[in-house]
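Student: Could you walk me through this one while I have it open? I'd like to begin with how the chain is divided up.

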Amino acid sequence: MILYLLKRLAVLLASTAVAGVAVFAFMALLPGDPAEIALGVNATPDAVAALRERFGTDRPPPAQFADWFGGLLHGDFGTSYVTSSPIGPQIGDRLGVTAVLVLGGMVIALLIAVPAGTFAAVHHRNPLGVAISAASQVGIAIPAFLAGILLVFVFAVKAQALPSGGYVPIAEDPQAWLLGLLLPWLSLGLVQGAVLTRYVRSAVLDVMREDYLRTARAKGRGRMGALWRHGLRNASIPVVTVLGLQLATLLIGAVVVERVFVIPGLGDLLLNGVAGRDLLLVQGVVMVLVVAVLLINFVVDVTYAVLDPRLR
Amino acid sequence: MLSVDGLTVRADAVELVREVSFDIAPGERVGLIGESGSGKSLTALSLMGLLPEGVRASGTARLGGRDLVGVPEGRIKDLRGREVSMVFQEPMTALNPLMRVGAQVAEVMTLHGRPRAEARTRAVELLDRVRLPRPAQLARSYPHQLSGGQRQRVMLAIALANEPGLLICDEPTTALDVTVQKQMLELIAEVAPALLFITHDLAVVASVCERVLVMYGGRVVESGPIREVFTRPRHRYTEGLLAASKLTPRGTRLPTIKGSVPAAGRFPEGCVFSNRCPHATQRCETEPELTGEGHAHACWHPAD
């Protein structure tokens, strides 16, 4: 178990380093000189050179990378070339908002998928089970932003029950915070829940055919008792894989949903950075998103080992 | 103790087992032999109430005064694992891979009302009883850490835990190495209460059982004491089966039963064996009854 964890940890650290190089190299390859952007088209070459020196962009790329990556290791994302404010605190604030958005969406997805998928598997021979499968198929076909717009139309515009957008920090007004996040959570969670339902259904169906479920019934358990005690944990192994992939998708989906609902999260910050040509800010946000995905994979690997003794 | 009468198993319109009747007395060991598809496993599963989805049993089977067939699951599940237990063919997949072996043995006891701590102690005793080495340590391991033979012993420990009156074994040694098979058979013979032992291996039946039922095409075609059935088979199928399993001199052709077992529902009307039987006549188009006291057979042209 310890060895397995150390291995996964080594993979996590190595891939973070590789990701750092990749993100930096990609941004460095993009055309556009931060000093020229900051000074505009009428700047004198001398002024541009002076600003380059101040930004440190006149140095060779490896030195710039070492500086940037070294800073990251203790939480320093550098100072924006555009706004001259430190990037780290901005990312920190926004990360919390996005994390709440994504995790809330995931919880809703799980609350839908686990009962619906299990039900659809247990009743796979009768019409209601088939209907659930069909409904989840429809859900898969709807992108999250469209679900968001539909939800806004129904609950905010027609029913006027929930705000159509905006974000209130929890410290200011917990109720407004919750109401504001409900629609974004739903638009992420409903779609992901539909996708996940199909995976839960097929995982439970597979497990229902397993010999050890028959053994459990031969011991005196009923059909559902056997599934509950012996089936669900086994079925959760493939579901965890999909869950990890989905969390990564949700993170990306959040970028769009934040736009739809005017939520100041990482996605919003990223799009602002792109629009304002704030290269260092974009680089920082992308790096944070990449590391988040790597961390999710790490957690998935650790979860496998907890669930399945064969992997330890 | 177990009394089966007119047991019929159907999947939709197809009859898979037809009118099977037999009794097992307390402590008696009965073999059920036949080829794949003869209906022997379905017969056993219907006694456990564990038939696959879409397959239904009718007729009666009574175990110590309780009905096993045609009653809702809730009414018989307290019998399973307590009055009647089953060991399955495939030891590699029959245990939950995520649960410690000791816990899986203890589960069958706590499920039927034994306190948890007591069940745990007894689980180790049971593992010792089925001759697993270092039982206390083994109880803490997971199934993937055991060999096939060891897992099958664990299954046997589970089956014996509540001291059931009847043990059903469905080809318990087929998936095991030959060397392990013999030890397993000796163990089953030693610890089993009344036994219904399913196999396609004649030698195994001869070594474990006192009485044998021969199944073909979902019917019992011959039954009787092992010695009589094996030395003086009456039904032509049994005769062919025994001939095919004898060692033959070098250079001679292996005797076989001509043709192959038809698919379910494709057996001939009348005697199910008539399309493969060298002695079949017009008369075999009507179904023969299983007749005879002690040694019974269902054949119009029995061997003698």
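Student: So which domains does the assignment give for chain B?
Tutor: The domain assignment of chain B, whose bounds come from an automatic or database source, gives domain 1 as 2-83 + 164-297 and domain 2 as 92-163. Please keep in mind that this is a predicted model, in which local features need pLDDT of at least 70 and side-chain atom pairs count only at pLDDT 80 or more, while totals for chains, interfaces and linings use all residues. Residues are numbered from 1 along each chain as its sequence is written, and chains are lettered from A and ligands numbered from 1 in the order in which they are written.

Student: How many residues does each domain of chain B put into the contact?
Tutor: Domain 1 of chain B supplies 12 residues and domain 2 of chain B supplies 14, where a contact means that two C-beta atoms, placed from the backbone, lie within 7 Å.

Student: And which helix gives the most on the domain 1 side?
Tutor: That is helix H7 of chain B (residues 178-191), with five residues; helices here are DSSP runs of H or I with at least four residues, strands are E runs of at least two, and both are numbered from the N terminus.

Student: New topic: what is the phi of Glu171(B)?
Tutor: Glu171(B) has a positive phi of about 45° although it is not a glycine, and this residue is found in the loop between S7 and H7 of chain B. Most residues other than glycine have a negative phi.

Student: Is Glu171(B) buried or exposed?
Tutor: Glu171(B) counts as buried because it has 21 C-beta neighbours inside 10 Å, the cut-offs being 20 or more other C-beta atoms within 10 Å for buried, 12 or fewer for exposed, and partly exposed in between, with C-beta atoms placed from the backbone.

Student: What about Glu163(B), buried or exposed?
Tutor: Glu163(B) is exposed, because 9 other C-beta atoms lie within 10 Å; its phi is also positive, near 45°, and it is found in the loop between helix H6 (148-160) and strand S7 (166-170) of chain B.

Student: Now the strands: how many residues of S9 of chain B are buried?
Tutor: Six of the six residues in strand S9 of chain B (residues 211-216) are buried.

Student: Which strands does S9(B) pair with?
Tutor: S9(B) runs parallel to strand S3 of chain B (residues 29-33), joined by four bridges, and pairs in the antiparallel sense with strand S10 of chain B (residues 219-225) over six bridges, pairing requiring at least two DSSP bridges. Val212(B) is the bridge partner of Gly31(B) and stands opposite Gly224(B) in S10(B).
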